[in-house]
Amino acid sequence: MEKKYKTLKDFFPFYLEEHSNPFNRALHFIGSSLALGCILGFLSTGKFYILAFALVSGYFFAWIGHFFVEKNRPATFTYPFYSFISDWIMYFKMLTGRIDVEFAKIKSNKG
């Protein structure tokens, strides 16, 4: 039976474990970066269709990472809000070079 997560704090370690492969995380990072670029493009032009590209780029790269690299089901299907927030937390941790610290926390909590 799948565990039910009631808080983001409880969900985030699970989310990271679903992204244990560095190539999957890199694909997520690329997709999120492109999505941010699209949002900036929308803000600078006011063209709403650019927002569609933000969604497509973000999810396209993430789902490639899950289906073909991790070979798991994206958590966004079960936990859309927690997954969205966790993706941006992971993005920030990767951007600041702190993602390994998060994985070390998970490992020490299991240990």
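Tutor: Helices here (H or I, at least four residues) are DSSP runs, as are strands (E, at least two), numbered from the N terminus. Heads-up: the model is predicted, so local features need pLDDT of at least 70 and side-chain atom pairs pLDDT 80 or more, while totals for chains, interfaces and linings use all residues. Numbering starts from 1 along each chain as its sequence is written, and side-chain values use heavy atoms, without hydrogens or water.

Student: What makes Lys105 and Glu102 a salt bridge?

Tutor: The rule wants a side-chain nitrogen of Lys or Arg within 4 Å of a carboxyl oxygen of Asp or Glu. Lys105 and Glu102 come in at 3.2 Å, N to O, so the pair passes.

Student: How far apart are Lys105 and Glu102 in helix H5?

Tutor: They sit three residues apart in H5 (residues 99-110), which means about one helical turn.

Student: Why is Glu102 called buried, but Lys105 partly exposed?

Tutor: Buried means under 20% relative accessible area, exposed over 50%, partly exposed in between (1.4 Å probe, protein chains only). Glu102 has 9%, so it counts as buried; Lys105 has 42%, so it lands in between. Salt bridges with shared partners link Lys93, Glu102 and Lys105 into one network.

Student: Which label does Phe84 get, buried, partly exposed or exposed?

Tutor: Phe84, in helix H4 (residues 80-95), has 46% relative accessible area, so it is partly exposed.
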